[in-house]
Amino acid sequence: MTHSGKTAGIVEGHRARKRFGQNFLSDQGIIDNIVSAIAPGSEDLLVEIGPGLGALTAGLIERVDQLHVVELDKDLIPFLIAKFEHTGKLRIHQADALQFDFSQLREGGAADSKLRVVGNLPYNISTPLIFHLIDQAHHIQDMHFMLQKEVVERLAAGVGDKAYGRLGIMVQYFCQVEPLFEVPPESFNPPPKVNSAIVKLTPHDRLPVATRDPGLLRTLVTQAFSMRRKTLRNALKPLISADQLEAAGVSPSLRPEQISLADYVLITEYLIDSGTYHPEK
């Protein structure tokens, strides 16, 4: 991989801030690969989370009629305006993406046009931000994220994989997960201490397996993997007995990483039907 196409990594007077988890993408070859993977259409409702110095923004804004960006660091806003105002395409939202209502970006657009979300996500907020977006999944067509490679492995992991756990199960409940390619540390300024990867998340049009209470499913999975080395009999004891697990069709002697998303949904539905728990209204 060549790095001869690097862009400047730091705005005059602006240093990457640890508290914002800033690592600015600076390898033009990687940027081009990301834009090609996203393949934006001119009329897409595209929103970039954390544009930073605008390295990826520059590649995206060429392809679309309008680009929304959500940036927390207010000191970067004047730079982004200066760099892209001439295009007439940039819509800046100075906000915390963890609190941002992404659905508002669909207002005034075509009823059937959903958001395409892109971001080089700060590693310290990547998991809560993904769950925040999943809560708004019915507004989203797809999401392309740069994440810590380890997080992408967890998102994509299947039954029996070392990385299999709560994150992968819950994201796979709502989305199809497709790891795309890795990004080395030297592609950033400053270089992070971990490897990164690009992943595509596509919300399911129709859930492959469904429960009446996703909140209970999340509670169940969280409880199970809080004691992942124990059997389900012991790990899930606060929520369900061994006899009830048998009745639900799941062996209590298995460990949490040995059963599938569909099995966790079976247990959730059993709990609802048993009358112990009730679906969210």
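Analyst: We go through helix packing, then cavities. Keep in mind that this is a predicted model.

User: How is a pair of packed helices described?

Analyst: Two packed helices are described by the angle between their axes and the distance between the axes. Take helix 4 (residues 126-134) and helix 6: the angle is about 20 degrees, and the axes are 11 Å apart. Angles under 35 degrees count as roughly parallel, so helix 4 and helix 6 are roughly parallel to each other. Their crossing is left-handed.

User: Which residues make the contact of helix 4 and helix 6?

Analyst: Helix 4 contributes T127, I130, F131 and I134; helix 6 contributes R166, L167, M170, V171 and F174. By class, that contact has 7 nonpolar, 1 polar and 1 charged.

User: At what angle do helix 6 and helix 10 pack?

Analyst: Helix 6 (residues 166-174) meets helix 10 (residues 261-274) at about 85 degrees, with axes 10 Å apart. The two are therefore roughly perpendicular. I169, Q172 and Y173 of helix 6 touch L261, Y264 and V265 of helix 10. The classes here are 5 nonpolar, 1 polar and no charged residues.

User: Now cavities. How many of 30 Å³ or more does the structure hold?

Analyst: Rolling a probe the size of a water molecule over the atoms shows where empty space is left. Here the structure holds 1 cavity of 30 Å³ or more. The largest cavity has about 50 Å³ of space.

User: What lines the largest cavity?

Analyst: The lining residues are I34, I38, L56, V118, G119, N120, H144, F145, M146 and I198. The lining has 7 nonpolar, 3 polar and no charged residues.

Definitions and conventions. Residues numbered from 1 in each chain as written. Predicted model: local features only at pLDDT ≥ 70, side-chain atom pairs only at ≥ 80, totals over all residues. Heavy atoms only, no water. Axes fitted to C-alpha atoms, helices over the stretch in contact; angles between N-to-C directions. Helix = DSSP H or I, 4+ residues; strand = E, 2+ residues; numbered from the N terminus. Parallel < 35°, antiparallel > 145°, perpendicular 65-115°, else oblique. Contact = heavy atoms within 4.5 Å. Nonpolar A, V, L, I, M, F, W, Y, C, P; charged D, E, K, R; others polar. Left-handed = near helix turned anticlockwise from the far one by under 90°. 1 Å grid on protein atoms, 1.4 Å probe; cavity = no way out; pocket = protein on both sides within 12 Å on 5 of 7 lines; lining within 4 Å. Points joined across faces, edges and corners; volume = space filled by probe spheres on them.
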